[in-house]
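Here is a short briefing to read with the model open beside you.

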Amino acid sequence: MFNIQKCAIIGCGFVGASTAFALMQSGLFSEMVLIDINRKKAEGEAMDLMHGLPFLSPMQIYAGDYSDLRDAALIIITAGAGQKPGETRTDLVHRNAEIFASIIDQIVRYTRDAILLVVTNPVDVLTYITLKRSGYPQSRVIGSGTVLDTARLKHLVGRHLGVDSRNVHTFIIGEHGDSELPVWSSANVSGIDLDHFCDICATCGAHTSALQPLFEEVRDSAYHIIEAKGATYYAVALAVTRIAASIVRDEDSVLPVSTLADGHYGLSDVCLGLPAIVGRDGVREVLEIPLSTEEASNLQASAEKLKALIRDAGV
Ligand code: NAD
């Protein structure tokens, strides 16, 4: 039996600690265990976080070990090496695949009931590795996918058009990385497709050719942030919190998480960011949204790239 109000974070670096900070403020959990190969780091983060509890709702936050996963509903994995300036996410594949093998073996010793949420990069390859190695059902192995990339795009499009980014509806799908793609063909602002947005609103520049540079900015944003400050962590922490909320509150929200393509979009045996309904049991359903011919072919290419990486990782 698991406790729906208990989560674990494995890896307490920039991303893990920021995620813990965001989650403690979300009120979603009453218990959070932090695990890191560097036990002192986990202890330091737990202490720092728990000193803020008098400002928030009560909860238990502590540094622990894998046996503490027994009753955790959600296990978030952020452990592993991060990108260095000039590195791509895929450069991390061998280092992080090895780290993941040992982490997953530890997890399954203690629980087969949790939902595993992979954040470490390259997130799609590591989600696939986690799925295969854990033996968990595909619905309960999720990667953060392109949830962050989609948020970045909504922010930039909203700012460009002068509208609230929450009214921008679009997805980035495919690899969380260089081969990802925006789905412009169904992008809209509160139901108004982008090509018509200019007709009814004083704002100009909603047509997709004007928006393409915004996508390029999203695709390359991790490089720019890493160049400027060494790592990216705040927005991804909020993306993870959004996914956690959909699970814990059984929201059935549509989020572009990384999940196994099982015939969807003509793809199989690869994990990548696809719009999916996410609820208490993980991915309830992958949605096949309409794609233009170019988008479908770009998604295919992204999946092929990921499959090659999976083969290269020796899975
Ligand atoms: P970091 O180096 O600050 O932290 C990594 C942590 O993992 C360290 O505390 C380290 O001690 C720990 N660790 C290493 N091996 C471990 C093991 N075997 N068991 C337990 N803990 C272990 O890195 P970061 O900046 O926090 O980034 C973490 C990962 O998140 C990277 O792979 C990064 O690329 C990825 N990331 C993903 C997204 C996304 O959208 N999916 C966004 C940003 C970063």
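This is a predicted model: local features need pLDDT of at least 70, side-chain atom pairs count only at pLDDT 80 or more; totals for chains, interfaces and linings use all residues.

Helices (H or I, at least four residues) and strands (E, at least two) are DSSP runs, numbered from the N terminus. Residues are numbered from 1 along each chain as its sequence is written, and side-chain values use heavy atoms, with hydrogens and water left out.

- Arg140 is buried, at a relative accessible area of 17% (buried means under 20%, exposed over 50%, partly exposed in between, with a 1.4 Å probe and protein chains only).
- Apart from neighbours within four places in sequence, Arg140 is in contact with Arg112, Asp113, Ala114, Ile115, Leu116 and Asp281; contact means heavy atoms within 4.5 Å.
- From Arg140 to Gln212 is 72 residues in sequence and 34 Å in space, C-alpha to C-alpha.

**Aromatic rings**

- Two aromatic pairs are found in the structure; rings of Phe, Tyr and Trp (its six-membered ring) pair if their centres lie within 6.5 Å, and planes under 30 degrees apart count as stacked, over 60 as edge-to-face and the rest as tilted.
- Phe14 and Tyr233 are stacked, because their ring centres are 4.9 Å apart and their planes are at 10 degrees.
- This pair links distant parts of the chain, 219 residues apart: Phe14 is in helix H1 (residues 14-26), and Tyr233 is in the loop between helix H8 (221-229) and helix H9 (234-248).
- Tyr233 and Tyr234 make an edge-to-face pair, because their centres are 4.8 Å apart with planes at 65 degrees.
- Phe14, Tyr233 and Tyr234 form one aromatic cluster.
- Tyr233 is buried at 14% relative accessibility, whereas Phe14 is exposed at 54% and Tyr234 is exposed at 57%.
- Lys229 lies over the face of Tyr233, 3.9 Å from the ring centre (NZ of Lys or CZ of Arg must be within 6 Å of the ring centre and within 35 degrees of the ring normal).

**Helices H3 and H4**

- The axes of helix H3 (residues 93-110) and helix H4 (residues 123-134) come within 10 Å and cross at roughly 35 degrees; axes are lines fitted to C-alpha atoms over the stretch in contact, and angles run from 0 to 180 degrees between N-to-C directions.
- Among the H3 residues that meet H4 are Phe100 and Ile104, and the H4 side includes Leu126 and Ile129.
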